[in-house]
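Hi,

Here is the structure I promised to pass on. Have a look at it first, and then read my notes below.

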Amino acid sequence: MSARAAFLLGVLAVAAVLAWQAFAARGAPDPAAAGGSALVAVFDVGVLTFREGLECILVLAAITASMVGSEQPYRRPVAAGAAAAFGATVATWFVAAGILGRLSESVPALDLQAATGLLAILVLLLVMNWFFHKVYWTGWIGAHTRRKKALMAGAGVAGRRADEPAGAITRRRLLWGLALLGFTSLYREGFEVVLFLQSYRLQLGNRIVLRGVTVGLALTAVVGVLTFVAQRRLPYRRMLVLTGVLLGGVLLVMVGEQAQEMQLAHWIPTTTIGGLRALIPGWAELWFSVFPTVQTLGAQLAAGLLVIGSYAVARSRVAARAEA
């Protein structure tokens, strides 16, 4: 099966789910119905999890791309390190949840939700900033690739079969180094996701977060199988552009929610725009966090300008280096 056919099957699967949902709802689902905000949260969590998983796959693919033939067994320590990072991510989740659970005993709920929401937005802004900066991609992936080459060259295993002796100490250091590469490739993304999801966990509970993470991990698993098992060349750049656009929407929704939570916690004032109250329907507030207040709309506008501005600055720097 080609990569194009695999994506076509994925699109058809999504269309089938939407058609089934519309049939079950006897028409288009009402976004203002009960549980709508939960669906939005599941979508947001799934998009972020998939985006971070896609980045992790890109880094691991760059590390293991040259490990073919006699060097293919060296992929095992990289995979072992990634598996350990996944376990460490799960452990980090419970640690973060435990810390916030203790804080909830002494900090008011609205204040705690507002604080974790700010942390989630900072993480998402960082992800969006890194996404649009091509220098980050070349630097992060290139650093891992150079580290892998240095380990292989230092151990003197280039072109040597994995079962050939390379010295006990040298070989042990090589295996540990490759495992560390796999660990850092995955754990950094997992740590970001854990920080981001704490806000959703406090607002909607573990079940909603688990559903979104399951969706994101399922999509990541499909891409991982096609990349490492079926050895398919996927349109990673287009996938990253698509997930970047979706994350931009997630960012605007989260900023609107965060501004409203800060208003409820009396961190910032609430200035209602009377003319917009009648123009903004209730489902727009529920699904897209568009509220008729100066603070919420201003925060969403500022977030959008920040992302677009960072993209423009990055493009201008790349163009300047190309001219130089």
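Helices (H or I, at least four residues) and strands (E, at least two) are DSSP runs, numbered from the N terminus. Keep in mind that this is a predicted model, in which local features need pLDDT of at least 70 and side-chain atom pairs count only at pLDDT 80 or more, while totals for chains, interfaces and linings use all residues. Residues are numbered from 1 along each chain as its sequence is written, and side-chain values use heavy atoms, with hydrogens and water left out.

Now the overall picture. The protein chain has 11 helices and zero strands. Of its 324 residues, 41% are buried (buried means under 20% relative accessible area, exposed over 50%, partly exposed in between, with a 1.4 Å probe and protein chains only). If you take contacts (heavy atoms within 4.5 Å) between residues at least 6 apart in sequence, 79% of them join residues at least 24 apart.

Let's start with helix H7, residues 206-229. Its 24 residues reach 32 Å from first C-alpha to last, close to the 34 Å expected at 1.5 Å a residue. The buried residues of H7 include Gly-212, Gly-216, Thr-220 and Gly-224. After H7 comes Gln-231, which has a positive phi, near 55°.

Grid points are joined across faces, edges and corners, and a volume is the space filled by probe spheres set on the points.

The second largest pocket holds about 1000 Å³ of space. It has 34 lining residues, and Phe-86, Thr-89, Leu-186, Leu-217 and Thr-220 lie nearest its centre. Helix H2 (36-64), helix H3 (75-103), H6 and H7 are the elements that give two or more residues to this lining. H7 gives the most, with 11 residues. By class, the lining divides into 21 nonpolar, nine polar and four charged residues (Ala, Val, Leu, Ile, Met, Phe, Trp, Tyr, Cys and Pro count as nonpolar, Asp, Glu, Lys and Arg as charged, and the others, Gly among them, as polar).

What about closed spaces? The whole structure has one cavity of 30 Å³ or more, and the largest cavity contains about 40 Å³. Helix H4 (109-132), H6 and H8 each give two or more residues to its lining. The largest share, four residues, comes from H8.

H8 itself covers residues 236-264, and its 29 residues reach 41 Å from first C-alpha to last, close to the 42 Å expected at 1.5 Å a residue. His-266 follows H8 and has a positive phi, near 65°.

Finally, find Ser-185 in helix H6 (residues 168-204). Is Ser-185 buried or exposed? Ser-185 counts as buried because its relative accessibility is 0%. Its side chain reaches the backbone oxygen of Leu-181 at 2.7 Å. Leaving aside neighbours within four places in sequence, Ser-185 is in contact with Cys-56, Val-59, Leu-60, Ile-63 and His-144.

Cheers

Conventions
The expected span of a helix is 1.5 Å times one less than its number of residues. A polar contact is a pair of N or O atoms within 3.5 Å; within protein, one must be able to donate a hydrogen and the other to accept it, and residues adjacent in sequence count only if both atoms are side-chain atoms. On a 1 Å grid over the protein atoms alone, a cavity is a set of points where a 1.4 Å probe fits but cannot get out, and a pocket is an open set with protein on both sides within 12 Å along at least five of seven lines; lining residues have an atom within 4 Å of a point.
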